[in-house]
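Thanks for making the time this morning.

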Amino acid sequence: MKKIALFIIFLLAGLCSLSAQIRADSLPSRVDLVGHPEVQALRSSREESLEKILKTDGWKAYDSSFATTPETAIWIKFPLENTTLDTLTTYLFQSGFHMDLYLQNNGGFEHFKNGYLVPLGERSEPKWYFFTALELLPLQRSLCYIRIANDYKTGRTNMPILYSRTDYLDFMDEARTKEAPSIAFIYTYIISLCCILLFALVFWFHLRSRVYFYYLGYLFFQLLYAFAALQPTLATVGNIARHAPVSSQILFEPAQFTFIGFYIFFILHLLEVKNFSKPLSKALIGLGIFCFAYAFFRLIYNYHTWDTDNAEELIFYIVRAIVIPFNLVLFVWIMVKVKHPLMKYFVLGQSLFFIGAFVSAFISFTELHFVPGSIFNFPYAQNIIFQAGLLGEVFCFSIALGEKVFLIQKEKDRASQKLIEQLQQNQIMEEKMRKELDEQVQQKTEELIKLYSEMEKQKEKQIKRSFAERLRDMKMLALRSQMNPHFIFNSLNALKNLVMLSREEDAIQYLDNFSVLLRTILQNSSKNTITVEEELEMLELYLSLEKSRLGEDFSYTIQCDSREALSQYTIPPLLLQPFVENAIWHGLHPSSKPEKKLSVTFDTSQQLQITIEDNGVGRKESGKAKKTHPSAGTRITQERLSLYNHISEAKMRLDILDLENDEGMPEGTRITITYNG
């Protein structure tokens, strides 16, 4: 209660002291508060409250000697009066960092908060950080208190000015007109970066290449820099940095050197510098690490220190005096050493960056943007010119990345051709190895028969039984070795058909999937058995290949109750594929039906039962067709199945059924493999 009473006493005393007023209804074009006879000022600590200031004496005439520091604030008070019968609005201009304004109203004080470093959500005036609207009721007389604070070591206090509504509107109209071209360019810069960032993100997601990762980092931190550069402008749309102005100031310099670091590593991988010069590659890596390290330490420094007038400005010029010449040396070094097809884009992009960076630094050092009549005398000239160079560089490297995709495709085509040639050589080698294996098996058989023919009858039976088991294993291996060239032959025929039909994209996709399937087959070739789940995965790959070859009139379904249940059963590798292949090539392919369907069902409700069913021409009709080569896949698979039943505890039964309609016409074929564990 005592505090409230004292507050009311001082308030009444203040009201009584209004011997003269600043009249809001008759303001000239502008009223500078500094040097005004009705304006008084007081120095205090930054933590002083209004209540304590109201009790403080020692007010002096407000002049230019009053300056703020990080530890002290300036309090200003002046009387304000509206002598009309209308509600009037006057505007206080103060372009400082922190400003608290208290306007006397109905026995209390209305609090306004504004300033460059005040987050948008905390401002009383959401549009501008430098103008605060003061509304005076009819015949209202008020005292106005202003607290001005500064985060920098050296005083940067902008003296407050009162504007009438007309002069405020004229001021803002002139400011918008002057800043409009610069803001438009920054928006263009941000939108362009966002579009190219999306383009790079899609490519990185599909290719997972480091060069796209570094390019994403390069674009992302450029965007941070761009939004930080947009923050002090009059722009309202997308000016997200106004919500965290202090963080924006802290990140401004680190963001620039972070995206330069990503840019260096991007160039290192784009031009494949290591293939041309290892010393140059190490120098680029060193410069990139330096940029990242400087960005990190500068971030820490900015977070703990505000001193842009002295230390920060000195660091700004020193670092650029090191980085720009070193960048120029590396630029020349790359031009001499690197002979890459994308060098033209690097030279053009780097040149634009150098021009933008050099001109921007020169303008900042010489302060040409403050010289009236200069071509650089426009708002935010340093940032605009630097961004123009960056934008040109980004466009160059976006085109370079597009051409890199084309070069990668050409290299992929060459690799595919080499793969085909290698597959042909492998086929010849496998045939030769198979013959050698047959000869070795025959020779070993003769040696074993000769060796054990003289042993006792009982031992002879035991040895023969053991030998028979080994022989069946070796025959199983020989049969499996025949499967791979047979499947590869059919797959290469399919690839040849796509190439002959000029379906290049389908052929490339087919070759990619075929290489994955071939790798899986080769990995399983050394195994006697695999799980049914693994066989299902190979079958899915194979059917996707045949789907891309046969087109939309061919469809297939794979039904499986539980993949986990399939992992409990084992079968010889590549057991199901020949039946599926035979159904497609000899059942569905010659069929004239508009819809060619194939279904594969894995039923694990009791024991495993695998059903392969097609709606093709059937075995009888297929047997009538003239074939260019004998179908060996099904016969070999049946032999493998028979041998597997001899050497395995689990048995599998094969049933083949010709499907017919009521009139006896063929409707397809159903193959059932029943697993009895």
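I will talk about confidence, then a sheet and its helices, then aromatic pairs and cysteines.

Please keep in mind that this is a predicted model, in which local features need a pLDDT of at least 70 and side-chain atom pairs count only at pLDDT 80 or more, while totals for chains, interfaces and linings use all residues. Residues are numbered from 1 along each chain as its sequence is written, and side-chain values use heavy atoms, with hydrogens and water left out.

The chain has a mean pLDDT, which is the predictor's confidence in each residue from 0 to 100, of 81, with 87% of its residues at 70 or more. Confidence is lowest in helix α1 (residues 2-16), with a mean of 37, and highest in β16, with 93; helices (H or I, at least four residues) and strands (E, at least two) are DSSP runs, numbered from the N terminus. Over residues 1-19 the pLDDT is below 50, and this stretch has 17 contacts (heavy atoms within 4.5 Å) beyond near neighbours in sequence.

Turning to the sheet, five strands form an open, mixed arrangement in the order β13-β15-β16-β18-β17, where two strands pair if DSSP finds at least two bridges between them. Its edge strands are β13 (554-560) and β17 (651-660), each of which pairs on one side only. Strand β17 runs antiparallel to β18 (residues 666-676), and 10 bridges join the two; L659, for instance, has G668 in β18 as its bridge partner. Helix α12 (residues 532-550) lies across β13, β15 and β16, at about 165 degrees to β13, with axes fitted to C-alpha atoms, for helices over the stretch in contact, and angles from 0 to 180 degrees between N-to-C directions.

What about the aromatic rings? Phe, Tyr and Trp rings (the six-membered one for Trp) pair if their centres lie within 6.5 Å, with planes under 30 degrees apart counted as stacked, over 60 as edge-to-face and the rest as tilted; by this rule there are 46 aromatic pairs. Y263 and F397 have ring centres 5.6 Å apart and planes at 50 degrees, so this pair is tilted. Because Y263 lies in helix α5 and F397 in helix α9, the pair ties together parts that are 134 residues apart in sequence.

Finally, the structure holds zero disulfides, meaning pairs of cysteine sulfur atoms within 2.5 Å. C144 is buried (under 20% relative accessible area, against over 50% for exposed and partly exposed in between, with a 1.4 Å probe and protein chains only), at 0%.
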